Amino acid sequence: MSTTGATADPLAALGLLPSVAGSVESVRKAVDRVYGHRIMRRRSNAITSEAALRAARGSAALSGADWALEEVRRRTDFGAEAEARVVGASLRLTAEAGQLLSIWRQSPLRVLARLHLVAAASQDERVGRPRQAGETVEEPLVELPLPDAREVSGRLEGLADLIIAGTSAPALVTAAVVHGELLALRPFVSHNGLIARAAERIVLIGSGLDPKAVCPAEVGHAELGRASYLAALDGYVSGTPEGMAAWIAHCGRAVELGVRESTAVCEALQRGAA
């Protein structure tokens with residue numbers, strides 16, 4: 001994981017970059033607006049459920065299974081073909097993320113292992129632990145150089161230490177760094193993209209920025225498109241302040257688009273209640 005300098009709280013240092021501060025403020029205002037919608041006061045559970053479904057669809061789309069929302073909604077069999085398995089894994093991860101909030105701050109590596117178990121739904125001995133030397137990774141849509149198992153282990157420990165120690169950085173910064181680091185490392189033999197986005201979701205919810213899980217960043221990532229997503233990830237991997245800031249801004253825009261999606265759901269429910 002790259003930082004902008006040797007500080008006790010490198011994530012907070014990232015949050016002080018002017019372009020990042022602007023993204024943080026823009027996201028906070030967007031989140032406040034959707035939480036202030038009057039439908040949220042009466043039907044927040046319905047908004048949460050719909051946001052989860054749309055988040056799962058968006059995350060699956062970025063992993064190569066770009067299904068229509070209504071297909072995801074009506075489908076019950078997710079084990080037949082490759083794309084269906086991706087969608088099924090994404091749905092399971094989105095549901096599981098909310099159950100792991102209390103564990104994340106104490107044991108993030110345990111949570112990541114659990115996410116891989118849930119996504120893979122397999123008895124393969126490689127599931128539920130970081131990959132070992134010589135093990136290949138099935139992540140065809142991310143073509144960055146793959147760190148070796150020793151580097152993965154060290155950087156995962158570093159990331160876990162930062163999360164456990166806590167940070168004064170804004171939630172958006174922490175979520176973006178967790179997301180970017182997991183995509184850069186691809187620590188598991190499969191499902192790394194889905195897991196990285198689920199981890200981002202956990203941070204956004206657990207931090208209190210989006211406690212009701214109604215601002216699905218996954219929707220925004222999918223709407224911005226895979227090419228934009230991978231280009232922003234290149235910025236993260238570069239380790240430069242400008243590249244890191246660009247990745248954080250991309251994640252911020254994704255949250256704002258998730259807010260827009262849930263605001264539209266609120267408006268639709270309001271029209272139906274009128």
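## Burial of S262

In this predicted model, S262 has a relative accessibility of 2% and therefore counts as buried, the cut-off being under 20%. The residue belongs to helix α13, which spans residues 241-273. Beyond its neighbours within four places in sequence, S262 is in contact with V34, I47, A51, V214 and P216.

Helix α11 comprises residues 217-224 and is mostly covered, with six of its eight residues buried. The buried residues are A217, E218, V219, G220, H221 and A222. Just after this helix, G225 adopts a positive phi of about 100°.

A salt bridge joins the side chains of E223 and R260, with an N to O distance of 2.3 Å. Because E223 lies in helix α11 and R260 in helix α13, the pair ties together parts that are 37 residues apart in sequence. Both partners are partly exposed: E223 has a relative accessibility of 41%, and R260 has one of 46%.

## Other salt bridges

The whole structure contains 18 salt bridges. One of them pairs E96 with R114, whose closest N and O atoms are 2.9 Å apart. This pair links distant parts of the chain, since E96 is in helix α5 (residues 82-97) and R114 is in helix α7, 18 residues apart. E96 counts as buried at 16% relative accessibility, whereas R114 is partly exposed at 37%.

Within helix α4 (residues 69-74), R73 and E70 are three residues apart, about one turn of the helix. In an α-helix there are 3.6 residues a turn, so residues three or four places apart point the same way. The side chains of R73 and E70 meet in a salt bridge of 3.1 Å, N to O. R73 is partly exposed, at 36% relative accessibility. Salt bridges with shared partners also join E50, R54, E70, R73 and E261 into one network.

## Positive surface patch

R38, R41, R42 and R43 form a patch of positive charge on the surface. Among them, R38 lies in helix α3, residues 38-62, and is partly exposed with a relative accessible area of 48%.

## Positive phi in loops

Most residues other than glycine have a negative phi. A121 has a positive phi, near 45°, and lies in the loop between α7 (108-120) and α8 (149-165). A121 is exposed, with a relative accessible area of 56%.

H191 also has a positive phi, near 65°. H191 is placed in the loop between α9 (171-185) and α10 (192-206) and counts as partly exposed at 22% relative accessibility.

Terms used
Residues are numbered from 1 along each chain as its sequence is written. This is a predicted model: local features need pLDDT of at least 70, side-chain atom pairs count only at pLDDT 80 or more; totals for chains, interfaces and linings use all residues. Side-chain values use heavy atoms; hydrogens and water are left out. Helices (H or I, at least four residues) and strands (E, at least two) are DSSP runs, numbered from the N terminus. Buried means under 20% relative accessible area, exposed over 50%, partly exposed in between (1.4 Å probe, protein chains only). Contact means heavy atoms within 4.5 Å. Patches are made of residues with over 30% relative accessible area and no salt bridge: like charges are joined within 9 Å, nonpolar side chains (Val, Leu, Ile, Met, Phe, Trp, Tyr) within 5 Å. Accessible areas come from the Shrake-Rupley method with a 1.4 Å probe; for residues, only the protein chains shown count as cover. A salt bridge is a side-chain nitrogen of Lys or Arg within 4 Å of a carboxyl oxygen of Asp or Glu. Lys and Arg count as positive and Asp and Glu as negative; His and the chain ends are not counted. The place of a charge is taken as NZ of Lys, CZ of Arg, CG of Asp or CD of Glu.
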